[in-house]
Amino acid sequence: STWMKVWLGKPGINTIRPRWVCGPAASEMDGRDTRVLSLLQLQQTAPVKQPTMRPHRLRVDLFYPSETEAGKVDAYGVWVDVTDELTNVPSVVGLPPPLGVLCNAGDYAYVKGLLDEQTLEFVSERLQHIQSVLSRQLIWRSLWEMVRDRQLSSLRFLELVLANWGVEPNLCLLEGLASNVLAALHYFIPEPFFMEVAGRLSDATRELTEKAQQQQQNQTFIDFWLRLWCHTSYDLAHLRPLLALMDSDTPPSTTTHLQPPQPVAQPPPAAASTQAAQPPAAPETTHSHSHSHNHPHPQLHLDQALRWKVLEHFCALTTEADEGSESSLEDGGPLVREREERLRREGETDPPT
């Protein structure tokens, strides 16, 4: 059949992007001119080397201000059958102008759904107001696909990230976004902008780490931002607080140790002295002055993998700075050797795989 031929016999994946226009419409109620959605089209494209158009059934969401929660954004969805390169959606003509449009809402179709310029402007300002977690995740995926397809600047993508990820409450979404952020930093950012962009990411993740700690958020959120802070710090100014954190004492274990029940004090025998029984003396407590009292992040802890990541960035920095000099830090310098010795004493000599 035709379906089997285009879906099973041809390779490749199609891309669908919306195109929508709003125009004036005369109001029958009071004669005033109001703007309505006058056109919505879905444009299907295919790779040049695999020019196969396929039929798709997908849902298109139109975003509008929520009628029940102030400041939030809800979606009005319609199902569309895409069969050609250009598909009109007449069922939405006459609706109020939407804030943005999302193709393949719900992720029902096997396509890449991209964003139009008007929706890009919307998500750059109000992405965090969309109530559906899946819709936010699909929007981030669309943005990343546009970066990979060279239809969106990696610098603009990271600007969107910096403006929105600090208010995203879903950790699973953030984990996937973090992978794309690091990939964009390492493979898509132009070399002249690398250190500047990395510095901004490091500053932002450090601020979010401290904010999560101050607000006593879930430990997984604190560890997530701390991990990103380590992975985005490349110059000495941003590595210095992490190196100081490595030198601090290891925080107490978060595991709760159950204390054995204390024996109940027995009353003195009747033949004993008539003096009132004295309560047992409280055990003396030794007040140890831990380095964590003086450290700005007493609850933060770098595990073995993060320590090696910080050392990796520091060694690359010192090797590059001293290249060609007699005192070249081929092994990372005395500071690195000191930390390696400490790690060896702690039984952490093998780098993570």
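**Helix α3 along its length.** In this predicted model, helix α3 covers residues 133-148, and its 16 residues, at 1.5 Å a residue, should span 22 Å; the C-alpha atoms at its ends lie 23 Å apart, which agrees with that expectation. The buried residues of α3 include the two tryptophans Trp140 and Trp144, together with Leu138, Ile139, Leu143, Met146 and Val147. Also buried in this helix are Ser135, Arg136, Ser142 and Glu145.

**The two ends of helix α3.** Where α3 starts, a side-chain oxygen of Ser132 comes to within 3.5 Å of the backbone nitrogen of Leu134. Beyond the helix, α3 is followed by Arg150, a residue whose phi is positive, near 60°.

**Two cysteines, Cys172 and Cys230.** Cys172 has a relative accessibility of 64% and therefore counts as exposed, the cut-off for that class being over 50%. Cys230, by contrast, has a relative accessibility of 0% and so counts as buried, a class that requires a value under 20%. A disulfide is a covalent bond between the sulfur atoms of two cysteines; the structure holds zero disulfides.

**The protein chain surrounding these views.** The chain contains 10 helices and seven strands, and of its 353 residues 38% count as buried. Among contacts between residues at least 6 apart in sequence, 69% join residues that are at least 24 apart. The chain exposes about 21500 Å², of which carbon and sulfur atoms supply 53%.

Notes. Residues numbered from 1 in each chain as written. Predicted model: local features only at pLDDT ≥ 70, side-chain atom pairs only at ≥ 80, totals over all residues. Heavy atoms only, no water. Helix = DSSP H or I, 4+ residues; strand = E, 2+ residues; numbered from the N terminus. Expected span 1.5 Å × (residues − 1). Buried < 20%, exposed > 50% of the residue type's maximum accessible area, 1.4 Å probe, protein only. Polar contact = N/O pair within 3.5 Å; in protein donor to acceptor, adjacent residues only side chain to side chain. Contact = heavy atoms within 4.5 Å. Areas by Shrake-Rupley, 256 points an atom, 1.4 Å probe, with all protein chains shown as cover. Disulfide = S-S within 2.5 Å.
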